Amino acid sequence: MPDPPAIKILPDSAGYLLKRRTHADGRQEVLVSWVAITPGPRGGLHPREEWLPLDQVELIAGVDYRVVEHQQFIEDRAAQAAPPGQAAAAGRPAGWPAQVPLPADDPDWATQAMAFLLDFLPADF
């Protein structure tokens, strides 16, 4: 697998472009990996990976970004939880995300719940 393509994080940082996604409302975001530097005696290097709006990064001329996975989102995050009436009909609590199965004793429950949380919570949460 080739290294991910380099990208400039505005104003003066650099990292790697891992994924791209476009939301139903047209917003574009990119998943970027980089090492943040915290100055001072307790500072250091901190690996980061975060979804950023496309306008916070600059693509580098001559780099092929077609190799980066691109996802189209049909629904917005708020719409991904089943509507209250539909959730109750499916035996789900109101607001329960459709991506996480019920019941919690399902063998895949923990994996799917973790994947849901990693996708939808802020990166520094």
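**Notes on the model**

1. Asp64 counts as partly exposed, at 36% relative accessibility (buried means under 20% relative accessible area, exposed over 50%, and partly exposed in between, with a 1.4 Å probe and protein chains only). Asp64 pairs with Arg66 in a salt bridge whose closest N and O atoms are 2.9 Å apart (a salt bridge is a side-chain nitrogen of Lys or Arg within 4 Å of a carboxyl oxygen of Asp or Glu). Arg66 is exposed, with a relative accessible area of 73%.

2. On the basis of the notes: this is a predicted model, in which local features need pLDDT of at least 70 and side-chain atom pairs count only at pLDDT 80 or more, while totals for chains, interfaces and linings use all residues. Residues are numbered from 1 along each chain as its sequence is written, and side-chain values use heavy atoms, with hydrogens and water left out.

3. Confidence needs to be read by region. The protein averages a pLDDT of 76, and 66% of the residues score at least 70 (pLDDT is the predictor's confidence in each residue, from 0 to 100). Strand β5 (residues 57-59) has the highest confidence, at 92, and helix α1 (residues 84-89) the lowest, at a mean of 49 (helices, H or I of at least four residues, and strands, E of at least two, are DSSP runs numbered from the N terminus). Over residues 75-82 pLDDT stays under 50, and the model has 18 contacts beyond four places in sequence for them (contact means heavy atoms within 4.5 Å).

4. The structure holds 5 salt bridges. A network of salt bridges links Arg21, Asp25, Arg27 and Glu29. Within this group, Arg27 bridges to Asp25, with the closest N and O atoms 2.9 Å apart, and the side chains of Glu29 and Arg27 meet at 4.0 Å, N to O. Arg27 is partly exposed at 37% relative accessible area, whereas Asp25 counts as exposed at 52%.

5. Which side chain does the side chain of Arg21 meet in a polar contact? The partner is the side chain of Glu29, at 2.7 Å (a polar contact is a pair of N or O atoms within 3.5 Å; within protein, one must be able to donate a hydrogen and the other to accept it, and residues adjacent in sequence count only if both atoms are side-chain atoms). Arg21 is found in strand β2 (residues 13-22) and counts as buried at 3% relative accessibility. Glu29 is buried as well, with a relative accessible area of 13%.

6. The largest nonpolar core has 11 residues in all: Ile7, Ile9, Leu17, Val30, Val32, Trp34, Ala36, Leu52, Val57, Tyr65 and Val68 (a nonpolar core is a set of buried Ala, Val, Leu, Ile, Met, Phe, Trp, Tyr and Cys residues joined through side-chain atoms within 4.5 Å). Strands β1 (6-9) and β3 each supply at least two residues of this core, and β3 gives the most, with 4 residues. Leaving aside neighbours within four places in sequence, Tyr65 has contacts that include Ile7, Leu17 and Leu59.

7. Ser33 lies in strand β3 (residues 28-38) and is partly exposed, at 21% relative accessible area. Ser33 and Tyr16 are 17 residues apart in sequence, yet their C-alpha atoms are 5.2 Å apart in space. Not counting residues up to four places away in sequence, Ser33 touches Gly15, Tyr16, Leu18, Arg48 and Glu49.
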